[in-house]
Amino acid sequence: MRLVIVSVAAVVVIFVSPVAAHAQGGEIRFGLTAVVVRENLRLFDRWAAYLTRRTGRSVSFVQRRSYQEITEMLAANEIQLAWICGYPFVRNRDPEYLELLAVPVFLGTPRYRSYVIVPSDSAYQDLRDLEGRVFAYSDPDSNSGYLVPRSILWQRSVNPDDYFRLTFFTYSHAETVQAVAERVADGGAVDSYVWEFLALNNPKMASRTRVIMQSGEFGFPPLVVRKDLDSQIRSRLREVLLGMTEDEEGRMLLNEMVLDGFVEGAPALYDSIRTLGRQYGEGVVATDNRFTTTGWRSPFDPH
């Protein structure tokens with residue numbers, strides 16, 4: 001049976017608002033990834049229409065399976081802005097062609113956590129209990145769904161590539177929850193926002209999983225924009241997103257997304273992800289102090 005709520009990353013489709021053709025100027029293509037959970041297609045049609053009316057520019061949503069596909073489209077200027085994970089955001093780009101546009105606010109803060117989840121009726125209590133088991137990651141470019149759980153294993157002087165009997169990528173936080181709920185995996189790592197969204201909107205599935213570990217807080221997956229997009233358009237997009245709490249339609253859309261709103265944010269919000277990426281990310285050269293980095297706190301340490 002398919003999920004009632006499906007991750008955006010699970011379908012490859014372009015959504016164009018019916019009013020988009022009447023907007024002035026060129027089309028703005030907005031990339032969505034697994035950081036967003038969608039309940040139905042109409043929400044994104046309505047959000048596209050909302051952004052189109054308030055920016056005066058045609059806005060369409062573009063969905064792809066993985067973070068890599070969306071970042072490649074940003075690099076090729078096939079899309080102009082996107083909702084991505086903090087890990088791709090802090091990657092080195094030379095020259096830099098992205099800038100932070102806005103940051104979602106979730107449960108009163110522009111931050112979120114990584115959750116390690118297991119089947120609700122299992123005996124697992126800690127990541128240690130999952131040694132030799134099957135573990136689901138969300139995406140190789142995900143902070144919460146890949147980088148964080150691997151970093152905690154490295155911090156325990158364990159190679160994550162040898163720790164589990166089998167690992168696989170779902171390319172969707174929602175599908176990671178489903179994989180654990182249906183015992184396709186013994187455990188998985190997910191974005192706290194997605195799990196909490198499902199707990200509210202699909203409790204039948206979410207209740208079949210249990211959170212056994214929570215990381216410290218990280219900057220919430222950001223909305224980013226290409227720097228070469230016209231500055232007036234960038235400013236207007238930011239203004240519209242930050243102003244969604246000020247009108248009834250905007251508040252209704254935010255409520256459906258289980259968000260409080262958007263704030264401008266600052267790149268420093270993602271410094272903790274940048275630190276993890278330098279020390280434990282793919283393609284980063286290991287150093288002698290890999291396991292004893294001075295001043296570094298395990299992401300699952302209590303705060």
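Biologist: Leaving aside its neighbours within four places in sequence, what is Ser-66 in contact with?
Modeller: Asp-139 and Tyr-171, once those neighbours are left aside. Contact here means heavy atoms within 4.5 Å. Before we go on, this is a predicted model, where local features need pLDDT of at least 70 and side-chain atom pairs count only at pLDDT 80 or more, while totals for chains, interfaces and linings use all residues. Residues are numbered from 1 along each chain as its sequence is written, and side-chain values use heavy atoms, with hydrogens and water left out.

Biologist: Okay. Is Ser-66 buried or exposed?
Modeller: Ser-66 is buried, because its relative accessible area is 10%. The cut-offs are under 20% relative accessible area for buried, over 50% for exposed and in between for partly exposed, using a 1.4 Å probe and protein chains only.

Biologist: And where does Ser-66 sit?
Modeller: In the loop between strand 5 (59-63) and helix 2 (67-75). Helices (H or I, at least four residues) and strands (E, at least two) are DSSP runs, numbered from the N terminus.

Biologist: How many helices and strands does the chain have?
Modeller: There are 11 helices and 16 strands. The chain has 303 residues, and 56% of them are buried.

Biologist: New topic, strand 12. How many of its residues are buried?
Modeller: 5 of 5, so to speak the strand at residues 187-191 is mostly covered.

Biologist: Which way does strand 9 pair with strand 12, parallel or antiparallel?
Modeller: Antiparallel, with 4 bridges between strand 9 (residues 114-119) and strand 12. Two strands pair if DSSP finds at least two bridges between them.

Biologist: What about strand 10 and strand 12?
Modeller: Those two run parallel, and 2 bridges join strand 10 (residues 134-137) to strand 12. Ala-136 has Gly-188 in strand 12 as its bridge partner.

Biologist: Now helices. At what angle do helix 4 and helix 11 pack?
Modeller: About 55 degrees, with the axes of helix 4 (residues 143-155) and helix 11 (residues 271-280) 10 Å apart. Axes are lines fitted to C-alpha atoms, for helices over the stretch in contact, and angles run from 0 to 180 degrees between N-to-C directions.

Biologist: Which residues of helix 4 and helix 11 meet there?
Modeller: From helix 4 you have Asn-143, Leu-147, Val-148, Ser-151, Trp-154 and Gln-155, and from helix 11 Ile-273, Leu-276, Gly-277 and Tyr-280. By class, that contact has 6 nonpolar, 4 polar and no charged residues. Ala, Val, Leu, Ile, Met, Phe, Trp, Tyr, Cys and Pro count as nonpolar, Asp, Glu, Lys and Arg as charged, and the others, Gly among them, as polar.

Biologist: How about Val-258, buried or exposed?
Modeller: Val-258 is buried, with a relative accessible area of 17%. Its phi is also positive, near 55 degrees, and Val-258 lies in the loop between helix 10 (248-257) and strand 16 (261-263).
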